[in-house]
Amino acid sequence: MKPWTTAEFEAELRAVGEQRYHHLHPFNERMHAGDLTEEEFRGWVRNRFYYQLNLPIKDAFILTKLPGAQHRRKWIKRITDHDGTETTEGGIERWVRLGEAVGLTRAELHDTRTVLPGVRFAVDAYVEFCRDKPWLEAVASAMTELFAPDLLSRRITDVSEHYPWISDAGLEYFRTRLTQQPADIEHLLGLVLDNAETRQQQEACVRALEFKCDVLWSLLDSVQLAFGKSS
Ligand code: PQQ
């Protein structure tokens with residue numbers, strides 16, 4: 001089969017986000033509408049922390065497979081963005097501050113024995129995917145980030161408006177991601193669009209992105225089921 005043109009390939013990838021990114025999940029819709037109880041919000045923050053903890057780990061697996069120093073030099077920033085450095089705070093620490101802003105302690109967040117089983121399965125599946133698949137598919141699975149900025153901007157506005165009990169400092173994680181994401185998105189798009197040459201590779205990237213949307217969707221399904229007031 002003939003490969004898609006770059007524009008067609010990008011359109012296929014973007015269509016996945018439009019159809020199944022977690023901005024469409026009922027739990028997210030309820031968050032934006034101001035419908036979540038404090039317990040539900042805390043349940044989301046606490047369980048999503050397991051995803052945050054695993055982002056640098058899956059990115060480290062991908063790092064080992066990238067073809068060449070130039071790509072590795074850029075990719076390594078994704079790890080320090082979350083883990084921080086000796087002198088800069090990382091995303092994991094900022095998520096702890098979000099946790100504290102919703103009434104969780106650092107110890108509770110780091111106690112991963114209490115993570116919901118469905119969240120653990122979903123996040124562990126994402127890490128295993130990135131460990132086991134060819135680098136191109138593993139990188140493509142991170143392309144949900146293409147769809148994140150709109151959601152993050154709305155989240156900052158809507159959470160500030162509807163959940164005044166959450167201090168503004170708690171939202172710093174999302175503000176920082178908004179500044180980091182444009183460079184990440186450009187890097188991801190460059191890697192995937194330039195290196196998927198055959199139609200088979202292109203389709204494998206689309207499937208990787210669908211898989212990742214399912215990871216994010218399952219995470220919210222589990223949180224909704226465990227904490228949702230309507231469950
Ligand atoms: N996704 C990745 C990834 O798969 O490598 C890294 C991130 C996401 C982040 O650092 C995020 O903050 C993030 N945030 C959201 C969100 O809050 O809705 C979604 C995603 C995503 O789409 O996977 C990421």
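**Aromatic pairs and helix packing in a predicted model**

This predicted model has a count of 12 aromatic pairs.

Student: Let's start with one of those pairs: what is the geometry of F41 and W165?

Tutor: Happy to! A pair of aromatic rings is described by the distance of the centres and the angle of the planes. For F41 and W165 the centres are 6.1 Å apart and the planes make 85 degrees. Planes over 60 degrees apart count as edge-to-face, so the pair of F41 and W165 is edge-to-face.

Student: How many residues apart in sequence are the parts that this pair ties together?

Tutor: F41 belongs to helix α3, while W165 sits in the loop between α9 (148-162) and α10 (172-195). The pair therefore links parts whose separation in sequence is 124 residues.

Student: Staying with α3, are α3 and α4 roughly parallel or roughly antiparallel to each other?

Tutor: Helix α3 covers residues 38-63 and helix α4 residues 69-83, and their axes lie 8 Å apart at about 165 degrees. An angle over 145 degrees counts as roughly antiparallel. The two helices, α3 and α4, are therefore roughly antiparallel.

Student: Which class of residue has eight members in the contact of α3 with α4?

Tutor: The α3 side includes L55, P56 and I62, and the α4 side includes W75, I76 and I79. By class, two residues of this contact are polar and five are charged. The class with eight is nonpolar.

Student: And what percentage of residues 12-221 is helix?

Tutor: UniProt, in an unreviewed entry, lists that span as "domain: Thiaminase-2/PQQC". Its end C-alpha atoms lie 25 Å apart, and strand makes up 0%. The helix share of residues 12-221 is 76%.

Note on methods
Residues are numbered from 1 along each chain as its sequence is written. This is a predicted model: local features need pLDDT of at least 70, side-chain atom pairs count only at pLDDT 80 or more; totals for chains, interfaces and linings use all residues. Side-chain values use heavy atoms; hydrogens and water are left out. UniProt positions are given in the numbering used here, feature names are shortened, and annotations may be inferred rather than shown by experiment. Helices (H or I, at least four residues) and strands (E, at least two) are DSSP runs, numbered from the N terminus. Axes are lines fitted to C-alpha atoms, for helices over the stretch in contact, and angles run from 0 to 180 degrees between N-to-C directions. Angles under 35 degrees count as roughly parallel, over 145 as roughly antiparallel, 65 to 115 as roughly perpendicular and the rest as oblique. Contact means heavy atoms within 4.5 Å. Ala, Val, Leu, Ile, Met, Phe, Trp, Tyr, Cys and Pro count as nonpolar, Asp, Glu, Lys and Arg as charged, and the others, Gly among them, as polar. Rings of Phe, Tyr and Trp (its six-membered ring) pair if their centres lie within 6.5 Å; planes under 30 degrees apart count as stacked, over 60 as edge-to-face and the rest as tilted.
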